[in-house]
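Reader: I have a list of terms that I would like tied to their cut-offs. Shall we take them one by one?

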Amino acid sequence: MKLTDTVRFARSAATGYPLRTALSVLAMAIGVAAVVVLTALGDGARRYVVGQFSSLGTNLVIVLPGRSGTGGFNPANAITSTPRDLTISDAAALRRAPSVKRLAPLAVGTSEISFGGHVREGMVAGSTSQMLEVRNFTLAQGQFLPDDDWNRGAPVAVIGAKIREEVFGTQEAVGQLARVGDRRVRIVGVLASTGTGLGMNTDELVIVPVALAQALFNSNTLFRILVEARSREAIPAAKNEVLEILKTRHGGEEDVTVITQDAVLATFDRLLGALTLAVGGIAAISLAVAGILVMNVMLVAVAQRTNEIGLLKALGATDRDIRQAFLAEAAMLSTFGALAGYVLGEIGAFLVRQFFPVFPAQPPNWAIFAGIGTALVTGLVFGVMPARRAARLDPVEALMKH
Amino acid sequence: MALIELSGIERVFHLGDSDVHALAGLDLAIEAGDYVAVMGPSGSGKSTLLNLLGLLDRPNSGTYRLEGRDVTTLSASEQARVRSERIGFVFQSFHLVPRLTAAENIALPMMLAGLPPRERDARVAAALRDFGLEHRADHRPDQLSGGQRQRVAIARATIMRPAMLLADEPTGNLDRHTGDEVIHLLEVLNASGVTLIVVTHDPGLGGRARRQLVMEDGHLHHDSSRSANLA
Ligand SMILES: Nc1ncnc2c1ncn2[C@@H]1O[C@H](COP(=O)(O)OP(=O)(O)O)[C@@H](O)[C@H]1O
Ligand SMILES: [Mg+2]
């Protein structure tokens, strides 16, 4: 029997029993669609988080006051009580580090901003001119904070898009004198709108010089120091230099925590990648179930067509012909199931993207290959047993059965 | 050389504790081109004999020589090849594949044998014409009458131009008139050279054959050619 004839014969058998064919195709399709959609969601979540982190800035090294628990238990740290605060001078000292390209101190708090009778509560960030580059901000209008003495605190402010809209309405904001807390400041720039994201929402942010912020909050500490390393490769060196400088400044005590964006990113990447894999694996179990269903459907087919098998043998079919015809049929069911499932899955992922545009729900290629591959392999593997049973039937008994 | 030579054929079925000797000590030779009727009561071993001749079954002992070659020792796939090329079957219940058209049913043996499609189409077209089925080519079995179904089955049995045609009660499911037509068709094929072996209950049909075999309890009870020799 020629291969094309085997395939054609299997196709006529599959279409000759539409209900059971539809059933097994559907089972396969659901399995593959589940793999595609679930991995699309998992990988979408991973890419969403990674994307959000990357938008915080590139090659970031973040300095936090206080020793984090992750460094392991150190008896020396346990005895020495309160860690020293981060100050503007600490930040300024880091400019000496050779691996540091630029940096921005960050002090945060909330305050009221008002103009012409409109009052709004907002997040106030105190920083310096390089914050613009370090955090990859984009300006919609005007300019960013001036590059002058960090301790001077000029009475100027840069505001987020939403603050601008709510406080200034249709009026031009840049150049206006507004009130932030008890200070009068001149609006020098407006940030481009970025929408919601991880961390701070810049649309509702008021950025002022760091010294002014500290005066507003009546404090002289920093919330963070954001450091940008010269390159990706320079991140570890920058981290060490920062630690070394601050240790020296803090009387030999390592009382700050330095996290690199890279490390955080890698952790999230790994975590969400594993999640996607797990979810895809669970979905793949449904493929095994579908495989068992295909096997049962094929066993029913063998029982239903016992007579036909006897006839084919009488007409000169070899055991191999019979085996291949039934195997081809099983392969056909799982192939169509897999393709239908892939299309369904892509449609599902497309709908998710339509309804949640910020969420990049796209099935990863490995998942598509694994899903379709698993479907085909299970279909074939589970098709072998029924096909062998068909081929082994005794022709005389098969012909007598009704 | 006879087309078929059986010697010392035994076929035993085990049913629980008891053994059923469906064929016992059977010696038989059938010449090429002969027309043989196999008769006898139900359960006498007629179908078992026909299945054996058609290589659908193997004897427990004895030898079967087909065209001079011992076919009992062939492997399953070699036997399948012999069935494909030398043997045509006609069954009482037609055994057409319900989802295939008349033309597709007729083409089945050629498809299994791997004949090129063009050759198949030509042979099917000729067979449809010869068997008066031109207008039924695309009909499925359930759209055909009993006589038409059996004609499709006979066309299918002869499409590979076999040496012998084995028919197990081919008229059993047909009315008298249609049955006669089918027998006539088989006789025409026999006249063109195909060895015809028909199992039948009907003494009238059996009497039309050149040679009559009567089975009883797995034995050859009567052989018209031998009694003719004796006479
Ligand atoms: N597959 C089988 N298993 C057990 N006994 C069988 C089988 N096939 C036939 N027989 C027995 O062998 C004997 C001959 O059967 P069969 O050749 O079908 O008779 P006939 O065709 O002459 O009616 C019967 O007794 C029948 O019961
Ligand atoms: Mg019988």
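Author: Start with α1(B). Its buried residues are Lys46(B), Thr48(B), Leu49(B), Leu50(B), Asn51(B), Leu52(B) and Leu53(B). Note that this is a predicted model, where local features need pLDDT of at least 70, side-chain atom pairs count only at pLDDT 80 or more, and totals for chains, interfaces and linings use all residues. Residues are numbered from 1 along each chain as written, chains are lettered from A and ligands numbered from 1 in written order, and side-chain values use heavy atoms, without hydrogens and water.

Reader: What makes α1(B) largely enclosed by the rest of the structure?

Author: Buried means under 20% relative accessible area, exposed over 50%, and partly exposed in between, with a 1.4 Å probe and protein chains only. By that cut-off 7 of the 8 residues of α1(B) are buried, so the helix is largely enclosed. Across chain B, buried residues make up 55% of the 231 residues.

Reader: Why are β2 and β5 of chain B said to stand at the edges?

Author: Helices (H or I, at least four residues) and strands (E, at least two) are DSSP runs, numbered from the N terminus. Two strands pair if DSSP finds at least two bridges between them. The open sheet of 4 strands in chain B runs β2-β1-β4-β5, with antiparallel pairing. β2 (18–30) and β5 (69–70) of chain B each have a single partner strand, so one side of each lacks a neighbour in the sheet.

Reader: What makes β1 and β4 of chain B a pair?

Author: Strand β1 (residues 4–15) and strand β4 (residues 61–66) of chain B share 5 bridges in the antiparallel sense. The rule asks for at least two. They pair. Glu5(B) stands opposite Arg65(B) in β4(B).

Reader: Which strands does helix α1 of chain B touch as it packs on the sheet?

Author: Contact means heavy atoms within 4.5 Å. Helix α1 (residues 46–53) touches β1, β2 and β4 of chain B. Its direction makes about 120° with that of β1(B); axes are lines fitted to C-alpha atoms, for helices over the stretch in contact, and angles run from 0 to 180 degrees between N-to-C directions.
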